[in-house]
Amino acid sequence: MWNIWNWMKNEKDIMLQPSTECAYLSERWLSYDKKNLLDIGCGLGVNSLYFALKGFNVTAVDISDYAIKYANDIAKQNGVHINTICGDVFKVNFEDGEYDCVFVRNIVGAQTKKELKELIEKITKSLRSGGELYITIPSKNSKEYQNMTAYKKAHNIFMNVEDIKKFFADYEIVNDIEEKIFYDKYCSVEKVHEDCKTYYFSLLLKKK
Ligand SMILES: C[S@@+](CC[C@H](N)C(=O)[O-])C[C@H]1O[C@@H](n2cnc3c(N)ncnc32)[C@H](O)[C@@H]1O
């Protein structure tokens, strides 16, 4: 089982704004008429809400009932519909080719390579040909990775550019592989490391 984000315990004020990538992604996907969107690990649903307000048909999955209730409430308050599913993404069934785009932001980190492979296979099946996946992947430049034991380093999913190219061989990499840093407040929320510096790759991928 993956680490489950504890919405009751963690600060959530910084999670109440849609992520900056949403503006670019929504413009891009709407310009290609890619409107069926799956948000995996949607959290409080603010990114889902952003897409729904732009006219996407959004399905949002999260394992936390607190988060899903929050997502339902903000959709209602804003007069849009989000198809929310409360459950473990590994156990939810998606139709083959059901989605034009899949959004997976900041849920990948604590898993093993095997689990991430399973997740990506599931996403790939659920995407139409030419569909796109936006995903954040933690970087080997993160302090957390550098402080791991050799065993953990071998099994976790922190990556570098070469790893990304190999791991996502079924996808064309659409954007420049961009490395970013989660800002300090975010890191202290995650309590990953005392002076945490979590770097991650922000990837836009097209199914071949
Ligand atoms: C750090 S939050 C990120 C939320 C949102 N994607 C964002 O970028 O603001 C991670 C979310 O992933 C969810 N999650 C973790 N494991 C999951 C799983 N196996 N199935 C569904 N959701 C999961 C957690 O409950 C949590 O809401």
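Analyst: Two strands pair if DSSP finds at least two bridges between them. Helices (H or I, at least four residues) and strands (E, at least two) are DSSP runs, numbered from the N terminus. Residues are numbered from 1 along each chain as its sequence is written. The model is predicted: local features need pLDDT of at least 70, side-chain atom pairs count only at pLDDT 80 or more, and totals for chains, interfaces and linings use all residues.

The strand to look at is E5, residues 127-138. The chain as a whole has eight helices and eight strands.

Start with burial. A residue is buried if 20 or more other C-beta atoms lie within 10 Å of its own, exposed if 12 or fewer, and partly exposed in between; C-beta atoms are placed from the backbone. Buried residues make up 36% of the 208 residues in the chain. In E5, nine of the twelve residues are buried, so the strand is largely enclosed by the rest of the structure.

Next, the partners. E5 pairs with strand E4 (residues 99-104) in the parallel sense, over five bridges. Phe103 has Tyr134 of E5 as its bridge partner. Between E4 and E5 the chain passes through helix H4 (residues 113-126), and this β-α-β crossover is right-handed. Right-handed has this sense: with the strands pointing away from the viewer, the path from the first strand over the helix to the second runs clockwise. E5 also pairs with strand E8 (residues 199-207), antiparallel, through seven bridges. There, Glu132 has Lys206 of E8 as its bridge partner.

Now the core. A nonpolar core is a set of buried Ala, Val, Leu, Ile, Met, Phe, Trp, Tyr and Cys residues joined through C-beta atoms within 7 Å. The largest one has 47 residues. Leu133 and Ile137 are among those that touch the most other members, as are Val102 and Val104. In soluble globular proteins, nonpolar side chains tend to be buried together.

Val102 links several of these parts. Contact means that two C-beta atoms, placed from the backbone, lie within 7 Å. Leaving out residues up to four places away in sequence, Val102 touches Leu127 and Leu133, and also Leu38, Ile40, Ile123 and Ser126.

Contacts across the sequence are a feature of the whole chain too. Of those with a separation of 6 or more, 72% are between residues 24 or more positions apart.
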